[in-house]
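Biologist: Could you walk me through the charged pairs in this model, one step at a time?

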Amino acid sequence: MTKAENLDSRINEYSYKMVKELKDGKVNLVEIDKALGVLCNDGVYGYYVYCKSRADGKNDEKIKSPMFSQFISNIVKEFNDIVCSEKEIKSFKSLYEYDEYFSDLSKNIHKLLFFKDILEKILTYARYHAKAEDDINE
């Protein structure tokens, strides 16, 4: 995607793909509501720790789980160009690198709040997409 695209359009597209991937990965879509609740109450770092704790596997295996990839790593990769462009994230292969990314992000309040807004919209749109898919299947 190019930077010239509308951010809201990118968020909508990502949230739609997120719901599809979560269904394929057998992740309960209630996790979207729970993650949004943690984000609103505890902030970005709380959200990160919650999603990391809900991911399957031990240590670096968590990166490959659908929960971690859809709620953390894919979002970081997709929106890093507009949130924190100086950080190269394609080479992230360990939880330590994600820990460092979120720690660095929290040092800049503007970037942190912008990332929180993006996460809130992604999760809100994902809830709507999940609800719409359930309505279709009923």
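**Salt bridges and their surroundings**

Modeller: R10, E78 and D81 are joined in a network of salt bridges. This is a predicted model, where local features need pLDDT of at least 70 and side-chain atom pairs count only at pLDDT 80 or more, while totals for chains, interfaces and linings use all residues. Residues are numbered from 1 along each chain as its sequence is written, and side-chain values use heavy atoms, with hydrogens and water left out.

Biologist: Why is the contact between K23 and E133 called a salt bridge?

Modeller: A salt bridge is a side-chain nitrogen of Lys or Arg within 4 Å of a carboxyl oxygen of Asp or Glu. The closest N and O atoms of K23 and E133 are 3.2 Å apart, so the pair counts as a salt bridge.

Biologist: What makes E133 buried?

Modeller: Buried means under 20% relative accessible area, exposed over 50%, and partly exposed in between (1.4 Å probe, protein chains only). E133 has 14%, so E133 is buried, whereas K23 has 27% and is therefore partly exposed.

Biologist: How do you know that D99 and K52 form a salt bridge?

Modeller: Their N to O distance is 3.0 Å, so the pair meets the cut-off. D99 lies in helix α4 (residues 95-105) and K52 in helix α2 (residues 30-54), so this pair ties together parts 47 residues apart in sequence. Helices here are DSSP runs (H or I, at least four residues), numbered from the N terminus.

Biologist: Why is K107 called exposed?

Modeller: K107 has a relative accessible area of 66%, so K107 is exposed. Its salt-bridge partner is D104, and D104, at 31%, is partly exposed.

Methods: Helix = DSSP H or I, 4+ residues; strand = E, 2+ residues; numbered from the N terminus.
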